[in-house]
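Biologist: Can you show me the model, then take me through the pocket and the ligand?

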Amino acid sequence: MPGDRCPTGIGPVDQLLGGGLETDGLTELYGEGGSGKTLICLQAATRLALDDRWVCYIDTEGVSVDRLEAIAQGRIDQVLQRLLLATPKSLEEQTKAVGAACALARDTKRGIGLIVLDSATFYYRLTLSSDSEDDGRLALGRELAELVATAIGSHIPVLFTNQVWRNQRTGDLEPLGGSFVNHAAKTILRIDRLPGARRRAVLLKHRSLGEAAAEFQITSTGLS
Ligand code: ATP
Ligand code: MG
């Protein structure tokens, strides 16, 4: 149903999102390296998998099985049985993986509960300032458009991560991809690094909630 929420299992993040990820839109996580974007993705995927839902997980970074095992807390076999993992090695392969995930999600018999794309912009970033920059922008745009259509058409939450660049004029860290990515995501969370294991999630955009923030800790078993 439109308006439904899909809990990530991370208490402070779910509270911030009014219960969890919206099921008919894209949620973007952006933040600097080590801020915890991948952990949030892994934890959300684990929660869905342990709930016996299928998860299409597109990983461009080389996901840490040790980390997944720690988050699964003794139930890694059950989690792996429900993860449909794609590991594209180029932007072209990423586009194909997104297409395959969307096709599976549209097939209602499959019962896909979540699509994760971590990160959406790793390969895209490599095209910037090169001859293939326009192709990169087009590919990213098409992927996000297909994910938006799938999320809305099949009421499936889509979680994607985005990298940052330093705006030399303002000194701020900004998400890659500009306004197109900004518009494609109906929910945007910026993840800030605080001292030690502390992190802060800032809700910058949401269809039905105002700006807010929540803190959490990175622990040996994920996020708390
Ligand atoms: P990137 O943009 O580089 O992909 P990210 O935002 O996805 O970064 P994560 O990989 O989710 O970041 O976060 C890793 C963070 O978790 C790092 O700050 C790291 O120090 C911390 N970390 C990794 N393993 C452990 C552990 N076993 N116990 C506590 N903290 C850990
Ligand atoms: Mg990551």
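**Pocket and ligand shell**

Modeller: The lining of the largest pocket divides into 8 nonpolar, 6 polar and 5 charged residues. This is a predicted model, where local features need pLDDT of at least 70, side-chain atom pairs count only at pLDDT 80 or more, and totals for chains, interfaces and linings use all residues. Residues are numbered from 1 along each chain as written, chains are lettered from A and ligands numbered from 1 in written order, and side-chain values use heavy atoms, without hydrogens and water.

Biologist: How much space lies in the largest pocket?

Modeller: About 230 Å³. A pocket here is an open set of points on a 1 Å grid over the protein atoms alone, where a 1.4 Å probe fits, with protein on both sides within 12 Å along at least five of seven lines; lining residues have an atom within 4 Å of a point.

Biologist: Which residues are closest to its centre?

Modeller: Arg 53, Ile 112, Gly 113, His 155 and Ile 156, out of 19 lining residues.

Biologist: Switching to ligand 1, which residues come nearest?

Modeller: Gly 34, Lys 37, Thr 38, Leu 39 and Arg 199, of the 15 around ligand 1. Being near takes a heavy atom within 4 Å.

Biologist: Which element gives the most to that shell?

Modeller: H2, with 3 residues.

Biologist: What lies 2.7 Å from an oxygen atom of ligand 1?

Modeller: A polar side-chain atom of Lys 37. For Ser 35, the distance from such an atom to a ligand 1 oxygen is 3.2 Å. Arg 67 has a side-chain N or O atom 3.2 Å from a nitrogen atom of ligand 1.

How values were computed. Grid points are joined across faces, edges and corners, and a volume is the space filled by probe spheres set on the points. Ala, Val, Leu, Ile, Met, Phe, Trp, Tyr, Cys and Pro count as nonpolar, Asp, Glu, Lys and Arg as charged, and the others, Gly among them, as polar. A polar contact is a pair of N or O atoms within 3.5 Å; within protein, one must be able to donate a hydrogen and the other to accept it, and residues adjacent in sequence count only if both atoms are side-chain atoms. Helices (H or I, at least four residues) and strands (E, at least two) are DSSP runs, numbered from the N terminus.
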